[in-house]
Amino acid sequence: MQKRTLLSRLIPLTLLGVLFFTPPILLIFDTPASNGLSWLPLYLFAAWLILILLTALVVERSHEE
Amino acid sequence: MRSDPIILIIAFGYLALLFIIAAWGDRRAEKGRSVIGSSTVYALSIAVYCTAWTFYGSVGRAAEHGPSFLLIYFGPTLAMLLGWLLIRKMVRIARAQRITSIADFISARYGKSGRIGALVALIAVIGVIPYIALQLKAITISYGVLTSYPGSATDHTPDGLFLLDKSFWIAIVLAVFIILFGTRQLDASERHEGMVTAIAFESIIKLLAFLAVGIFVTFFLYSGPVDLFQRAAEHPELAQSLSLADVPGGSAGWVGLLVLSTLAFITLPRQFQVLVVENVDENHLRRASWMFPLYLFAINIFVIPVALAGLMLGSAAQSPDSFVLTLPLAAGKEVLSLFVFIGGLSAATGMMIVETIALSTMISNQLVMPMLLKMRSLNIEQQEDLSGLLLGIRRIAIILILFLGYLYHALIGDSYSLVTIGLVSFAAAAQFAPALLLGLFWRGATQAGAAAGLIGGFAVWCHTLLIPGFAQSGWIDVSLLNDGPWGIAWLRPYNLFGLEGYDIYTHALFWTMLVNVGLIVVVSLFTRQSNLEQTQAALFTEALRQDALQNTPLWRGQTSRGELRRLIHRYLGHRATQRLFTQYQPDTAARETKIDDDTLTASPGLIASAEKQLAGALGNSSARVLINSVVKGEALDLNAVLSILDTTSQTLEYNRQLEQKSKELARIGEELRSANDRLRELDRLKDEFVAMVSHELRTPLTSIRAFAEILRDTPNLNDEKKAHFLDVIVRESERLSRLIEEILDLARLESGRMTLKPERLDLVQALHQSIDAVARLYEERSIELKVSLARDCAEVVADPDRLQQVMINLLDNARKFASTQDGRVNVTLEVVGHCFRLSVEDNGEGIPENQRELVFEKFHQVEQGSITQPKGRPKGTGLGLPICRGILAHLGGRLWVEDPENLGGARLVMELPCAPDQRVITQE
């Protein structure tokens with residue numbers, strides 16, 4: 001039986017975080033909304049929160065010592 | 001409300017509260033009910049990352065450079081995600097080697113080198129003191145804003161009047177606090193529980209303060225975030241303020257800052273202190289890996305609203321760095337602005353406390369102690385108790401650091417905005433990252449490589465960030481920036497080698513990392529490691545893999561207990577020495593002979609643990625020097641370490657194999673046991689069988705013999721009697737031979753040697769023949785036999801003789817057990833699926849439900865009548881039914897007992913499959 005270690009889940013999550021926070025994806029969201037302000041901050045905060053929640057989910061469900 | 005005395009009372013009252021909390025934390029720790037043994041407190045203590053720079057500067061940066069302020073927090077978020085890999089490894093090493101600071105850590109990795117330790121300590125002091133100055137500056141500015149609003153605040157009091165400068169007094173109070181709670185014990189690796197408690201408390205305060213001002217601005221000044229953003233959108237000059245275009249350096253600047261903050265989060269001395277040194281349990285890292293980012297998220301969520309609101313307020317909001325204070329002040333909310341001031345104060349003091357402790361440990365352990373040890377003229381080796389001296393050095397270092405910070409702030413603090421100083425410090429700390437991270441994962445990194453990388457990176461940092469900073473503050477001619485040093489254009493600090501288009505931090509990060517990493521790698525490839533270096537490199541890189549290795553004493557040298565005791569006593573004092581030596585008692589034989597400590601050799605474990613104790617107080621390199629002075633011999637070299645590693649992994653492998661083997665053995669044993677049980681049972685059955693057979697055979701034999709003897713001994717027996725006796729003899733002989741026949745049958749059945757000659761035949765016909773055979777017997781007992789057949793012809797494949805034997809046996813049984821008066825037997829033939837079922841039912845007593853399987857066992861006889869009133873002797877040999885069942889099984893059929901249907905007696909059912917199609921048979 002193969003058991004996934006906590007680390008093997010956290011490393012892909014880190015890569016996801018890098019993807020979230022670096023330009024190619026950012027540029028997609030760096031567009032002005034109808035009122036002229038950029039969507040970027042909203043995207044950044046949303047992506048950040050998602051990343052934190054995913055981490056919490058992974059870490060709290062693991063019982064690895 | 002905003003008069004000087006009130007603000008001062010509140011500010012110093014807050015500091016007093018910190019003293020109380022820290023004292024409470026220490027008290028709890030002494031009682032063994034530690035407050036900091038929780039992952040939440042751990043996460044809160046890491047939040048010392050958020051300094052006054054975050055508190056005031058984030059809004060400033062958001063106002064000027066859009067969302068780039070968030071990068072300072074994305075970096076740590078990513079670093080914490082990797083914490084389970086990276087920080088856990090560092091924590092484990094630090095625990096095993098009693099590491100006290102990042103300088104100690106890097107020096108320990110590179111063979112406990114004093115040089116590297118001093119280098120790191122020096123870079124840290126130079127890089128971080130401006131950062132401490134920044135905190136004092138933030139306190140001064142916020143105090144100024146608070147007291148003089150709506151007038152503009154002056155940064156600090158006029159020259160020469162530093163006694164009137166509030167930040168000077170704050171620095172003094174902090175110095176007292178740090179000395180009290182940071183240098184209580186000598187052993188720096190024993191945690192500062194009180195201090196950590198106070199830091200966690202400060203983290204809560206600054207978060208609450210920032211949330212308070214954020215909620216006030218968003219929901220009271222404006223009606224919610226939507227309204228605020230709508231109103232901001234009406235200002236055309238703010239239209240670009242939230243997009244990437246506002247970030248200095250664009251995409252490249254974005255990535256550069258992200259990398260910088262990730263590296264600095266791990267390498268800033270205060271972060272190393274809270275993350276690694278003050279860590280109580282590495283499992284706290286799990287929860288902290290999301291809780292700390294969540295804290296960052298919370299403290300940043302209102303930054304953009306506050307920045308936009310400040311920008312919209314216009315000139316009344318003053319400098320963007322003070323928006324958090326001026327917004328409530330402009331609205332007349334003085335209590336709120338006081339709370340914000342306290343929040344800023346807690347952010348600043350928290351950082352200063354931890355940073356100062358970390359730096360003072362570095363200064364005393366990596367800079368001062370090694371120097372004192374080298375100066376023979378001081379005769380430091382000869383002094384009796386040095387622990388007081390050590391604490392003294394550390395306390396002086398604390399005062400010195402805070403004083404330097406204050407001096408920096410007072411003299412050149414004006415020229416920088418908050419963010420600038422912070423990022424310059426970040427870049428300095430990031431210079432430790434290559435030596436640290438490469439050292440953790442690449443065994444080949446050498447001391448010379450690390451030294452070269454650190455020096456190179458630091459030099460480039462000075463050139464691209466530190467010196468240009470001086471130029472900007474007017475200390476050096478600004479032409480340095482525009483024309484380069486000595487007019488050499490390609491050395492321009494902000495455009496090294498003509499590199500254009502990056503912001504200054506990304507630019508500096510690129511060049512420093514290129515030089516730093518490049519030098520470490522290249523120099524490492526061309527230099528060799530000493531034995532100790534190899535050992536340490538192996539210990540560091542394998543830290544997560546081998547626990548056994550970490551606990552193996554790596555000393556081969558020899559010394560006496562007495563000598564070691566005097567050394568430890570000199571540096572750590574009486575109590576620590578007692579503790580250590582009672583832990584490592586000499587063996588009993590040595591104690592009995594009462595040999596003096598001076599002649600007893602110290603065990604390797606004692607030496608290793610003595611070195612660790614010293615390292616906890618003095619740092620690894622000094623501890624190393626001291627132990628070397630009394631121990632003769634060398635540490636294990638790489639080969640020895642590797643062989644330990646190999647042995648451990650081999651042992652593990654053997655263990656695994658052994659475990660597998662023993663599991664297999666257990667399984668085989670289980671099988672053997674069950675086989676044995678079965679054999680025993682069979683043996684018992686055999687014995688029983690033999691006993692029964694002999695018994696059954698003896699009964700007829702006995703009567704034959706008895707009658708034969710009567711015939712022999714009484715010649716004058718009348719003819720009638722004689723005939724009767726002979727008749728009995730013949731009948732008993734018949735019974736005997738039938739019994740033997742049956743036993744033989746059974747033996748053949750069980751050994752599988754019974755030869756059957758199956759052929760197609762009609763079951764109905766066979767049944768009639770059997771009935772004919774028993775008809776006379778039925779008539780004798782006048783039993784009524786009723787036959788009902790579902791078919792006229794039922795073809796089966798069977799051995800005709802054997803089939804008849806079975807049917808006759810069943811019919812005969814029914815006859816025997818049918819009721820004595822008015823006996824009746826029903827024979828029915830049915831078709832069920834592909835089988836014929838022949839059932840024979842009598843109206844006797846029947847077979848009790850629990851005996852229905854037992855009747856098919858050899859010699860089993862159903863008890864007649866009730867148990868209390870047995871009804872005569874059994875009527876058969878007890879072999880008939882087992883034989884029938886055996887024959888039927890050979891023919892592919894079955895035989896069992898069923899519930900009676902009509903007559904209420906026993907009902908035996910035999911089943912045989914229908915014969916296959918004629919066609920199939922002929923084909924065969």
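Colleague: Which residue sits in the turn of the hairpin that β4(B) and β5(B) form, and what is its phi?
Modeller: That residue is B:Gly833, which has a positive phi of about 60° in the turn, and the hairpin of β4(B) and β5(B) leaves 2 residues between the strands. Please keep in mind throughout that this is a predicted model.

Colleague: In what sense do β4 and β5 of chain B pair, and over how many bridges?
Modeller: Strand β4, residues 824-832 of chain B, and strand β5, residues 835-842 of chain B, pair in the antiparallel sense over 8 bridges. If you want to follow the pairing by eye, B:Val832 stands opposite B:Cys835 in β5(B), and B:Asn826 stands opposite B:Glu841 in β5(B).

Colleague: And how does β5(B) pair with β7(B)?
Modeller: The pairing of β5(B) with β7(B) is antiparallel too, over 7 bridges. B:Cys835 stands opposite B:Pro913 in β7(B), and B:Cys835 also stands opposite B:Val832.

Colleague: Let me step back. How many helices and strands does chain B have?
Modeller: Chain B has 34 helices and 7 strands. Buried residues make up 46% of its 924 residues, and among the contacts in chain B between residues at least 6 apart in sequence, 81% join residues at least 24 apart.

Colleague: How many residues of chain B are in contact with chain A?
Modeller: There are 30 residues of chain B in contact with 28 residues of chain A. On the side of chain B that touches chain A, the elements giving two or more residues are α4 (71-81), α10 (224-233), α11 (250-267) and α13 (284-300) of chain B. The most comes from α13(B), which gives 7 residues to that side.

Colleague: What about the classes of residue on that side of chain B?
Modeller: By class, the side of chain B that touches chain A has 23 nonpolar, 5 polar and 2 charged residues.

Colleague: At what angle do α9 and α13 of chain B cross?
Modeller: The axes of helix α9, residues 193-221 of chain B, and α13(B) cross at roughly 35° and come within 8 Å. The contact is made by B:Leu207, B:Phe210 and B:Leu211 of α9(B) together with B:Tyr295, B:Ala298 and B:Ile299 of α13(B). These residues divide into 6 nonpolar, no polar and no charged.

Colleague: Staying with α9, is B:Ala198 buried or exposed, and why?
Modeller: B:Ala198, which has its place in helix α9 of chain B, counts as buried because 29 other C-beta atoms lie within 10 Å, and the cut-off for a buried residue is 20 or more. Leaving aside its neighbours within four places in sequence, B:Ala198 is in contact with B:Leu18, B:Ile21, B:Ala22 and B:Gly25. B:Ala198 and B:Ile20 are 178 residues apart in sequence, yet 8.7 Å apart in space, C-alpha to C-alpha.

Colleague: New topic: where is B:Arg98?
Modeller: B:Arg98 is in the loop between α5 (86-97) and α6 (102-109) of chain B. Its phi is near 55°, a positive value in a residue other than glycine, and B:Arg98 is buried, with 25 other C-beta atoms within 10 Å.

Colleague: And what is the phi of B:Lys112?
Modeller: B:Lys112 has a positive phi of about 50°, although it is not a glycine. B:Lys112 is found in the loop between α6 and α7 (114-148) of chain B, and B:Lys112 is buried, with 28 other C-beta atoms within 10 Å.

Colleague: Last one: how many residues does α27 of chain B have?
Modeller: Helix α27, residues 604-618 of chain B, has 15 residues and reaches 21 Å from its first C-alpha to its last, close to the 21 Å expected at 1.5 Å a residue. Its buried residues include B:Leu606, B:Ile607 and B:Ala610, and just after α27(B) comes B:Gly619, with a positive phi of about 90°.

Technical notes:
Residues are numbered from 1 along each chain as its sequence is written. Chains are lettered from A and ligands numbered from 1 in the order in which they are written. This is a predicted model: local features need pLDDT of at least 70, side-chain atom pairs count only at pLDDT 80 or more; totals for chains, interfaces and linings use all residues. Helices (H or I, at least four residues) and strands (E, at least two) are DSSP runs, numbered from the N terminus. The expected span of a helix is 1.5 Å times one less than its number of residues. A residue is buried if 20 or more other C-beta atoms lie within 10 Å of its own, exposed if 12 or fewer, and partly exposed in between; C-beta atoms are placed from the backbone. Two strands pair if DSSP finds at least two bridges between them. Two residues are in contact if their C-beta atoms, placed from the backbone, lie within 7 Å. Ala, Val, Leu, Ile, Met, Phe, Trp, Tyr, Cys and Pro count as nonpolar, Asp, Glu, Lys and Arg as charged, and the others, Gly among them, as polar. Axes are lines fitted to C-alpha atoms, for helices over the stretch in contact, and angles run from 0 to 180 degrees between N-to-C directions.
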